[in-house]
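Me: I would like to learn how to read a fold from its coordinates, feature by feature. Could you take me through one example, giving the general idea before the particular case?

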Amino acid sequence: MAVSHADWGARFAPTLDDIEALASQALRELPEPFKSLAAEVTCSVAEFAEDDVLEGFGMESPFELMGLFSGIGMTEDGAMPQTGQLPNTVYLYRRAILDYWAENDDNTLGEVVTHVLIHELGHHFGFSDEDMEAIEAAADAE
């Protein structure tokens, strides 16, 4: 169903809480065993990545980074954090996600949030960016 111009007049951009709700739903819908293995990973939503994070990746624009995994992945240190270790966290960056969503009309916002979340959880499971790109390419080819 098409949305008329009048329907958009009272709408607002999705908030941090809206993105967090989409991420929470995606986490609840993960299949096992991934759901259990990711149970201790926290999810945090911010407007943009911090400047030092962007600099660490050599990025000039905060719109370049939609998500980040922070912590020690399962293949590096096992599934259980050591005493004093901060919890593994997936950060989702609202403005970068919204920018991507606005420029790519072939996905819903929920699909974009889910994709970024799963990509970052992949790092928790020990996959590199290259590993995940290969997995995504294979899935797209099916």
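Me: In what order do the elements of the protein chain run from the N terminus on?

Reply: One begins by listing helices and strands in chain order. In this predicted model, the order from the N terminus is α-α-α-β-α-β-α-β-α-α-α, and the protein chain has eight helices and three strands.

Me: How much of the protein chain counts as buried, and what does its accessible surface come to?

Reply: Burial is judged residue by residue, whereas the accessible surface is a total for the chain. Of the 142 residues of the protein chain, 25% count as buried. The accessible surface comes to about 9,400 Å², and carbon and sulfur atoms account for 54% of that area.

Me: Among contacts between residues at least 6 apart in sequence, what share joins residues at least 24 apart?

Reply: The separation in sequence is what one looks at here, and in this protein chain 67% of the contacts between residues at least 6 apart join residues that are at least 24 apart. Leu16 belongs to helix H2, residues 16-28, and, leaving aside neighbours within four places in sequence, Leu16 is in contact with Val45, Ala46, Glu47 and Arg94.

Me: Is Leu16 buried, partly exposed or exposed?

Reply: The class follows from the relative accessible area, where under 20% is buried and over 50% is exposed. Leu16 has a relative accessible area of 30% and is therefore partly exposed. Ala21, also found in helix H2, counts as partly exposed because its relative accessibility is 44%. For Ala21 and Val113, 92 residues apart in sequence, the C-alpha to C-alpha distance is 10.0 Å.

Me: How do the axes of H2 and H7 cross, and which residues make the contact?

Reply: For a helix pair, one reads the axes, then the handedness, then the residues. The axes of H2 and H7 come within 9 Å and cross at roughly 60°, and the crossing is right-handed. On the H2 side the contact is made by Ile19, Leu22, Ala23, Ala26 and Leu27, and on the H7 side by Leu109, Gly110, Val113, Thr114, Leu117 and Leu121. By class, these residues divide into nine nonpolar, two polar and no charged.

Me: Is His119 buried or exposed, and what does it touch?

Reply: Here one reads the area together with the contacts. His119, placed in helix H7, has a relative accessible area of 17% and so counts as buried. Not counting residues up to four places away in sequence, His119 touches Asp129, Met132 and Glu136.

Me: Which residues does a cis peptide bond join?

Reply: For a peptide bond, the angle to read is omega. A cis peptide bond joins Glu32 and Pro33, with omega at about 5°, and Pro33 is placed in the loop between H2 and helix H3 (34-37).

How values were computed: Residues are numbered from 1 along each chain as its sequence is written. This is a predicted model: local features need pLDDT of at least 70, side-chain atom pairs count only at pLDDT 80 or more; totals for chains, interfaces and linings use all residues. Side-chain values use heavy atoms; hydrogens and water are left out. Helices (H or I, at least four residues) and strands (E, at least two) are DSSP runs, numbered from the N terminus. Buried means under 20% relative accessible area, exposed over 50%, partly exposed in between (1.4 Å probe, protein chains only). Contact means heavy atoms within 4.5 Å. Accessible areas come from the Shrake-Rupley method with a 1.4 Å probe; for residues, only the protein chains shown count as cover. Axes are lines fitted to C-alpha atoms, for helices over the stretch in contact, and angles run from 0 to 180 degrees between N-to-C directions. A crossing is left-handed if the near helix is turned anticlockwise from the far one by less than a right angle, and right-handed if clockwise. Ala, Val, Leu, Ile, Met, Phe, Trp, Tyr, Cys and Pro count as nonpolar, Asp, Glu, Lys and Arg as charged, and the others, Gly among them, as polar.
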